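Here are some notes from a pass through this model, jotted down point by point. Have the structure open alongside as you read.

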Amino acid sequence: MNESPAPIRERVLLVDDDSTVLRTFRLCLEDAGYQINVAHNAASAIAAVSRSVFDVCVLDISLGDESGLELLPQLRAAAPWMRVIMATAESDAAIAVSAMRAGAADYLIKPCGPDELIHAVEQQLQARRLERRIEELESGRDIAPAEHFDSANAAMARLLETARQAAETDATVLILGESGTGKNMLARAIHAWSNRRKASFATVNCPSLSAELLESELFGHVKGAFTGAHEHRSGRVQVAEGGTLFLDEIGEFPLALQPKFLRFLQDREYERVGDPRTRKADVRLIAATNADLGAAVANGTFRSDLYYRLNVISLTVPPLRERPEDILPIAHDLLTTLVARYRRPARRFSESARNALLGYSWPGNVRELANAIERAVILCGGEDIGYEHLPFTAANAAASLASATPRAGDPVTLEALERAHIEAILGATPTLDTAARTLGIDASTLYRKRKSYGIG
Ligand SMILES: Nc1ncnc2c1ncn2[C@@H]1O[C@H](COP(=O)(O)OP(=O)(O)OP(=O)(O)O)[C@@H](O)[C@H]1O
């Protein structure tokens, strides 16, 4: 754990041909905590944005013989997410209008005081943070209150303490544990406890994609890089810039892409598909798997060098049956959340329900517990959740056995039919891709459904 702590890096590029202005702006913005790069002319500005990711650029309207206004569209094309503040030497409304039309986010009249400069930059950074948050939400994940993750079990509490210490560094973390134990949640907690918390947490689900698609999902691609690449796309690595990249189910990372990923892990350098330029990333990596990576190395499906690189700090989340102290506190937390979500009357668990929760072995871990509580909250018409509302009691087990493989026309929910159908197709097809094609959905949708139904 000797890697240095990662500051939150919000990067600003200053483009001006006047060295004095560059020096003054730089000092002022560095004092305010931003990471600054400078460029004296158009060529070095273009080179800078193709090498690194900047959130904001302060661009002078006149760059000696060159024009900032002409450079603006080129910068916008190379880094469409970057917010450009045009700096002008005079208060000229016509110039400001042209700059805004060409895609500038704001303009600044020079000379200006430090407060004005910082205010303008901070405003654009706030807009970037909001955009990143939207990108994060659009990636299909809601933000669980992961930072409050704690445990009443001594072994789990120790693991969380190690995770908190690891969070303060940039070290790669490998999270192991059975399906549904909370690996994903722990990864989010590490991000939330780290000083990268204000930047994005981006997830990549390794098994849902082929090597080609995964490469583009991770690193991005340029227009025309392959059939179907109709426009430029920045990958998840870029979404995670300054933050954390989480690779879920790393055990299923395609062998063909492992050498490229190893290089990325070592040097944080990558190329977009179809673009020879090497880019640098500032991301922290967390990977998780329920597979036995040692066995995968032994049978040749996982490279040993990649395994050792990932395995800097490994945390094995214990299954729920080994931390019975956590069952009731987690059940109560879930009850509170779900009652509010469904507006149901349930308020507490009866003694028989509590005993049933404590007596069950939870093979599906916390995910199964969450599903059981959700079902009970929906079924329970009063304030007390009883034994009979829980799915694994003897009576319910018999009923579910009777309807183990529902068929069309049976008096079952659509969800039960969908689950059975997905399970049957997965069992009858060799790969997730083939199953997805048969089902007429994309592989990542199938991956999510498989996970939420707990299909192994
Ligand atoms: N301590 C906890 N308190 C409340 N909910 C939890 C807790 N731990 C996990 N969960 C919930 O349990 C479910 C499964 O957790 P998560 O997805 O993190 O497990 P996982 O180990 O990553 O699963 P998989 O191996 O299948 O990817 C999620 O809905 C998560 O919000």
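1. Let's begin with α7 (183-193). This is a predicted model, and in it eight of the 11 residues of α7 are buried, so the helix is largely enclosed by the rest of the structure. The buried ones are K183, N184, L186, A187, R188, A189, I190 and H191. Among the elements covering them are the helix α6 (154-167) and the strands β8 (173-176), β9 (201-205), β12 (244-248), β15 (284-289) and β16 (313-316).

2. Which residues come nearest to the ligand? Of the 19 around it, they are S179, G182, K183, N184 and V366. Elements giving two or more residues to this shell are α7, α13 (327-342) and α15 (365-379). By domain, the shell takes at least three residues from domain 2 (146-318) and at least three from domain 3 (323-400).

3. Next, the nonpolar packing. The largest nonpolar core has 52 residues, and A163, I175, I190 and I286 have the most contacts inside it. Helix α6 gives the largest share, six residues. Both domain 2 (146-318) and domain 4 (403-456) contribute, so this core lies between them. A second, separate core has 34 residues, including V12, C57, A79 and I85. In general terms, nonpolar side chains tend to be buried together in soluble globular proteins.

4. I175 is worth a click. Leaving out residues up to four places away in sequence, I175 touches K183, L186, A187, I286, A288, L315 and V317. Of these, K183, L186 and A187 are among the buried residues of α7.

5. Now to D60, which UniProt lists in an unreviewed entry under "modified residue: 4-aspartylphosphate". Is D60 buried or exposed? It counts as buried because 24 other C-beta atoms lie within 10 Å. D60 sits in strand β3 (residues 56-60), and its contacts, not counting residues up to four places away in sequence, are V15, D16, D17, G68 and A87.

6. R11 is a charged residue to look at in strand β1 (residues 11-15). R11 has 20 C-beta neighbours inside 10 Å, so it counts as buried. Beyond its neighbours within four places in sequence, R11 is in contact with Q35, N37, S52, V53, F54 and D55. The C-alpha atoms of R11 and M82 are 9.8 Å apart, though 71 residues separate the two along the chain.

7. A few backbone spots deserve a check by eye. Most residues other than glycine have a negative phi, and most peptide bonds are trans. The bond from K110 to P111 is cis, with omega near -5°, and P111 lies in the loop between β7 (106-109) and α5 (114-138). R268 has a positive phi, near 55°, in the loop between α10 (258-267) and β13 (269-270). W362 also has a positive phi, near 50°, and lies in the loop between α14 (351-359) and α15. What about their surroundings? R268 counts as partly exposed, with 14 C-beta neighbours inside 10 Å, whereas W362 is buried, with 22 other C-beta atoms within 10 Å.

8. Finally, the overall tally. The protein chain has 19 helices and 18 strands, and 34% of its 456 residues count as buried. Of the contacts between residues at least 6 apart in sequence, 71% join residues at least 24 apart.

Methods: Residues numbered from 1 in each chain as written. Predicted model: local features only at pLDDT ≥ 70, side-chain atom pairs only at ≥ 80, totals over all residues. Near = placed C-beta within 6 Å. Helix = DSSP H or I, 4+ residues; strand = E, 2+ residues; numbered from the N terminus. Domains from an automatic or database assignment. UniProt positions renumbered as here; feature names shortened; annotations may be inferred. Buried ≥ 20, exposed ≤ 12 C-beta atoms within 10 Å, placed from the backbone. Contact = placed C-beta atoms within 7 Å. Core = buried A, V, L, I, M, F, W, Y, C linked by C-beta atoms within 7 Å.
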